[in-house]
Amino acid sequence: MVKTLLKSVREYKKPALATPLFMILEAVCECLIPFMMTKMLATNDAGIVPMSQILLYGGIMVVLAMISLFGGVMGGKYAAIASCGYAKNLRKDLFYAVQNFSFKDVDRFSSSSLVTRLTTDVSNVQMAFQMCLRIVVRVPMMFVFAIIMSMSISVKLALIYVIILPFLAVALILVIAKALPFFRRIFKKYDALNASVEENVSGIRVVKSFVREEHEKKKFDKASSEVKNDFTKAEKIIALNSPVMMMAMYAASLLISFFGAKMVIEGGSVSNGIAVYGALAPADVSAVITYGVQMLSSLMTAAMIMVMFTMSVESCRRIAEVLECKPDLVSPENGLKEVKDGSIEFENVNFKYAKDGEKFALSDINLSIKSGETVGILGGTGSSKTSLIQLIPRLYDVTEGCVKVGGADVKEYDLNVLRREVAVVLQKNVLFSGTIKENLRWGNENATDEEMIAACKAAQADEFISSFPDGYDTYIEQGGANVSGGQKQRLCIARALLAKPKILILDDSTSAVDTKTDALIRAAFMKEIPGTTKIIIAQRVASVENADKILVMDGGKIAACGSHEELMKTSRIYREVYESQTRGGNAEDKSDELPGGIE
């Protein structure tokens with residue numbers, strides 16, 4: 001896990017290495033100051049501190065303080081550069097990793113969890129990384145130097161610290177062990193909180209339509225309260241660190257003052273009005289106490305770091321889990337770089353979403369589609385129509401059997417090449433925030449205005465786009481919130497047409513347009529892209545009636561296959577669907593356009 005996370009440091013290695021060096025410099029200078037103080041206050045045989053001695057060691061202490069300040073400032077500067085850069089790289093690596101995920105990988109983590117990992121978890125790791133560079137190096141150095149310097153003054157007094165420290169360490173470990181389970185639970189509840197917010201914001205129109213604001217508030221309050229309660233429990237445990245540390249610090253100071261005073265007095269005397277000290281001078285005791293304060297302050301800092309680390313350990317695990325996740329689908333080495341044509345073959349295909357799942361979503365699929373053919377797919381909800389077409393651009397891999405495109409197994413193609421030649425307008429249409437032109441150029445980033453207009457005319461989108469005041473420069477809000485469902489579908493179809501694919505798949509992508517517009521789109525396909533293989537999933541028989549072949553899906557199997565005339569004779573399911581839809585005449589021939597298009 002640590003090795004995986006450290007790969008994201010990259011170009012920030014120099015500031016990351018410079019920070020500990022400056023922190024060591026600061027720690028050394030801080031530890032030398034009390035020692036210089038004892039030298040400055042040492043009396044001569046006459047019991048007097050010479051002014052020259054005060055000036056000399058006082059000047060050295062000022063220089064050490066300035067060097068310590070310089071080390072601290074530079075350490076803070078480089079720590080900020082390294083940690084912020086590291087967080088930037090970590091977010092980049094996470095985002096890039098998610099881009100390589102298959103649909104199955106995204107399903108495994110969930111979108112709300114991935115958002116939490118990219119935001120909250122990265123912030124926790126960034127803070128821990130900065131503390132690691134500054135404090136984790138400074139604290140042990142300060143501790144070691146303080147022990148060495150205090151022992152150089154008095155081994156007996158320094159032993160007091162050595163005896164107290166193990167008790168503190170045990171107390172710290174117990175506190176952390178008790179708090180860690182709460183922090184682990186917190187992040188799962190963060191995911192639930194983010195999921196609640198994401199669902200509410202994305203579905204705000206539905207929430208308001210059904211007057212469910214109070215329900216959503218209660219759901220959010222519940223998720224928020226669970227996060228608060230676990231944080232409160234964890235913080236109550238962590239709060240024990242401070243009193244334990246303070247008690248140890250004051251106990252050590254009292255013991256050193258007591259035994260130090262005895263050592264100063266024992267063996268001491270007064271000669272000619274001048275005090276002659278015993279084993280220690282008062283300045284030595286003061287220095288040992290100062291070193292003790294430094295050591296125990298370092299321990300308190302270490303306790304706070306451990307709290308931060310306790311939180312960040314779970315964040316590190318969650319981030320590493322994403323970074324170490326090997327995508328379910330990868331391009332083969334030296335994969336094919338060209339799709340010969342738009343022919344498609346399914347050979348003995350069986351498919352299920354989970355490897356350990358019991359039921360196949362698709363079974364016994366054998367199908368051959370010639371390049372340039374138009375194929376319609378009908379079937380009830382849950383008949384696995386979408387599952388079938390998702391195997392063609394290799395959004396999922398077959399469990400058994402083989403899918404071929406252009407005469408080659410889809411697993412032999414470079415993924416980018418295959419997906420550029422297989423354009424899919426998914427069931428859930430998605431537009432991104434930006435102008436209409438920017439959204440269309442997802443299909444072809446180098447498309448000219450003339451090509452975009454031609455594609456939009458074929459998708460029957462040019463007319464409503466031209467009615468907007470800004471035309472093709474009209475701004476689309478996130479998710480296409482300011483255009484109707486039918487307009488959104490036509491823009492997505494135009495975007496797919498711009499890619500000029502060898503295979504075009506429409507997954508129920510004309511459900512929100514009227515039958516007249518649907519017919520115009522299909523007529524444009526026949527005229528504009530006759531050589532492109534077209535697969536149309538639809539609920540209306542009229543949308544696929546003139547296809548070269550029509551598949552009837554039922555229970556994950558191809559129940560029937562043939563032309564409209566053939567299926568009317570041989571398929572009961574197809575005949576029932578056709579009759580049920582034609583019995584009502586043209587009642588469904590109506591547009592769902594919003595008045596004026598843009599809201």
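Four strands form an open sheet in the order 4-3-6-7, and their pairing is antiparallel. Strands here are DSSP runs of E with at least two residues, helices are runs of H or I with at least four, and both are numbered from the N terminus. Two strands count as paired if DSSP finds at least two bridges between them. At the edges stand strand 4 (362-369) and strand 7 (408-409); each has a single partner strand, so one side of each has no neighbour in the sheet. In general, strands of a sheet pair through backbone hydrogen bonds, parallel or antiparallel.

Strand 6 (residues 400-405) and strand 7 run antiparallel and are joined by two bridges. Opposite valine 405 stands alanine 408 in strand 7.

The model is predicted: local features need pLDDT of at least 70, side-chain atom pairs count only at pLDDT 80 or more, and totals for chains, interfaces and linings use all residues. Residues are numbered from 1 along each chain as its sequence is written, and side-chain values use heavy atoms, leaving out hydrogens and water.

Around this sheet, the chain has 19 helices and 14 strands. Its C-alpha atoms fill a box of roughly 130 × 50 × 50 Å along the principal axes. Of its 599 residues, 47% are buried, meaning under 20% relative accessible area with a 1.4 Å probe, counting protein chains only. Among contacts (heavy atoms within 4.5 Å) between residues at least 6 apart in sequence, 78% join residues at least 24 apart.

Methods:
Buried < 20%, exposed > 50% of the residue type's maximum accessible area, 1.4 Å probe, protein only.
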